[in-house]
Amino acid sequence: MTQPIRIHNDPGVILELLNLRTVFETRGGTVRAVNGISFYTRNDTVLGVVGESGCGKTVMAHSILRTVDPMGGKVADGNIFFRRKNGEVVDIASLPSEGRQLRSLRGSEISMIFQEPMTAFSPVYTIGQQIMEVITLHQKIPSRQAKAKAIEMLGRVSIPKPEVRVDAYPHQLSGGMRQRAMIAMALSCQPKLLIADEPTTALDVTIQAQILELMVALQREFEMNIIMITHDLGVIAELATDVVVMYLGSIVEKAPVGEVYSNPKHPYTKALQESIPRVEGSVSKKLATISGSVPSAKNIPPGCPFHPRCREFMQGQCDVHVPTLETLSADHTVACWLYGGGE
Amino acid sequence: MQSAAAVHDEQVLLKVDDLKKYFPIRRGFIKRTIGHVKAVDEVSFSVRAGETLGVVGESGCGKTTTARLIMQAFPVTGGTIQLRRNSGNLEDITGLNSRELYFLRREIQMVFQDPYASLNPRMTVRDLLTEPLVIHRIGTSQERERRAREMLDLVGLQQEYLNRYPHAFSGGQRQRLGIARAIIMNPKLVVCDEPVSALDVSVQAQILNLLEDLQTELGLTYIFIAHDLSVVRHVCDRVAVMYVGKLVEFAEVELLFSKPKHPYTEALLSAVPVSNPSLRKERIMLGGEVADPANPPSGCYFHPRCTYKKAICETEEPEFTLVSEDTTSMVRCHRAAELSLKGVPSVRDMPQP
Ligand SMILES: Nc1ncnc2c1ncn2[C@@H]1O[C@H](COP(=O)(O)OP(=O)(O)OP(=O)(O)O)[C@@H](O)[C@H]1O
Ligand SMILES: Nc1ncnc2c1ncn2[C@@H]1O[C@H](COP(=O)(O)OP(=O)(O)OP(=O)(O)O)[C@@H](O)[C@H]1O
Ligand SMILES: [Mg+2]
Ligand SMILES: [Mg+2]
């Protein structure tokens, strides 16, 4: 199987994963958390990544930063091509673990926002000190200016009285404020790629709306590529330009956001769509459900990983042969035998 | 202050009037009380038999505290909670003694948000399910076992699971167990505190459908606490909106979503992500922070974040009153009558593909 490498031909492409596999060796067996995924994103994309709990979203994010290594995971196969600010393309998968090159990428060209904001801050320094550190690491400016910039960033994430809060310690902020401060810190180095792993699940809807709006505004302003991991299809509909749907470590469908909602192809994508209650439109009393439950990543079914739960399962085909991502139209790819996918 | 639905008195299963819960804030060595968190304040509403009443609002607004007061998990600071008991009469359940509370537990049960934390890991499914029956000395051990099996059937779990421990179950399965445990006593009212918030969308759909089937089959009444307004729209008949311990709006679900009367409700609706990219909309951005219930603002609690505020809103607190003569909707806003607020798009407004 050979795939075209786009990042070499299209300067707008920021990140391209090729057949990425990440595994954890455990006593109970090998966990294939990311099981051969390929996609690319451009500097004008907000890529939504959706899928049920355990499908490998977080591990994929940690693979891109190579922070899976300290978690006990290993990038076992594939490439992670990334275009640096100076235009050079590096394969993150091949960089030495915890080496100088990796460290220079993290927090300056690629930033990550975690679900649990407390872990991102050190409890012994003020929020301002920590944001200033990020700023001065990559921009040689005097500390007065850095502090002004930190205050500006805190203001932009709608933290009230940023000139006061800049001197607060993390524990003095509410959960929602800490989350916003972390976003301010992640954005203060103006990264080219921002990976946000469920950045708003801990927040109230009104605050969530503010943060999402802010992220989109900053994406446009800085021509930054955002990868937004979430289980909330509503957040994706509001924010993403493109969507990747994951199931058990694989990508089952990738398409522009409008296509995913108006013209979903994969039976899993269709089933996910039907199972969400909607705030708009008519209220049908029964929600569609997906039969069965997600199998463990230690025991991925043969053939298409979704086949045991699929409504359109074809015996002798789906349970034997693995479908590969098939291109349906310009940006719409699907891995499903209904669409002829496979080698 | 009378709640509107009291008019249809015989339909009412639960009636809450002027409910208050103030938690003392203590400081220092001798734990002197220096103030109070008014977690629930002047809350009045009623629940009709067989309906699902939604309670929504931001984190910390008092939803769980309201639920726990109804369960009588702790005493009220003020107000009454009346439940239609087996006698057929509405009786105040505040201040019951422990023996009376024991009988109350047969009539009101609770389903919790966290299916992991709410089940004792050292008990088998059999013990978990029959425990309430044992406590209430209901049936022989065979009868209890039979009832436990019935419950597993009802919530869609296999009977073989009786000997398993909770850790061997997925989140969705544990939530089914939590529901089975709540309904095994055949309660009238089930208080569900964020029952699907911790679950994946596909599992969430299964649990919501289950709750609905059980309601039809067993004639249950639900109080359904949630922060996901899409879920609330789907399952609730009427909805109470709370802000900093107080009710700010109470209405039929369709009315609340299509014609909100309180600016906070409008902002909440506007903030919900709409699961259709062709309906991306202009949002109302709420400035400021959620108010602190230990130190609420003057006048209308919502005024510091309200885009419609006038001078009166900063000084005088609005009453919780009927929106108009011809509805049962209640609202707490000085400007409710004059404002025309925006709801969520209904089917009619959707672009046809
Ligand atoms: N440190 C680890 N050791 C072993 N297995 C792991 C480890 N971290 C993750 N996994 C496994 O890898 C798989 C993918 O997990 P991951 O955290 O990426 O899921 P996710 O899609 O982010 O789920 P969620 O929506 O719940 O956050 C799961 O089966 C998980 O159990
Ligand atoms: N036992 C207690 N002692 C003191 N304060 C309390 C106690 N329980 C709750 N509170 C306070 O009462 C207020 C309401 O809390 P409650 O748990 O009812 O909120 P909630 O609406 O359920 O929020 P969430 O959506 O986060 O669950 C909060 O300010 C909380 O800090
Ligand atoms: Mg995750
Ligand atoms: Mg709560």
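Student: How far is an oxygen atom of ligand 1 from an N or O atom in the side chain of A:Lys57?

Tutor: The distance is 2.8 Å in this predicted model. To read such a pair, one compares the distance with a cut-off: a polar contact requires N or O atoms within 3.5 Å. The pair at A:Lys57, at 2.8 Å, therefore counts as a polar contact. A polar side-chain atom of A:Thr58 lies 2.7 Å from an oxygen atom of the ligand, and at A:Gly56 a backbone N or O atom is 3.0 Å from a ligand oxygen.

Student: How much of the accessible area of ligand 1 does the protein cover?

Tutor: On its own, ligand 1 has 650 Å² of accessible area, and the protein covers 67% of this.

Student: Which elements give two or more residues to the shell around ligand 1?

Tutor: They are β1 (13-26), β2 (29-42) and α1 (57-65) of chain A. Of these, α1(A) provides the largest share, three residues. The shell comprises seven nonpolar, five polar and two charged residues.

Student: In which sense do β11(B) and β12 of chain B pair, parallel or antiparallel?

Tutor: The pairing is antiparallel, over two bridges. Within it, B:Thr321 stands opposite B:Val331 of β12(B).

Note on methods:
Residues are numbered from 1 along each chain as its sequence is written. Chains are lettered from A and ligands numbered from 1 in the order in which they are written. This is a predicted model: local features need pLDDT of at least 70, side-chain atom pairs count only at pLDDT 80 or more; totals for chains, interfaces and linings use all residues. Side-chain values use heavy atoms; hydrogens and water are left out. A polar contact is a pair of N or O atoms within 3.5 Å; within protein, one must be able to donate a hydrogen and the other to accept it, and residues adjacent in sequence count only if both atoms are side-chain atoms. Accessible areas come from the Shrake-Rupley method with a 1.4 Å probe; for residues, only the protein chains shown count as cover. Helices (H or I, at least four residues) and strands (E, at least two) are DSSP runs, numbered from the N terminus. Ala, Val, Leu, Ile, Met, Phe, Trp, Tyr, Cys and Pro count as nonpolar, Asp, Glu, Lys and Arg as charged, and the others, Gly among them, as polar. Two strands pair if DSSP finds at least two bridges between them.
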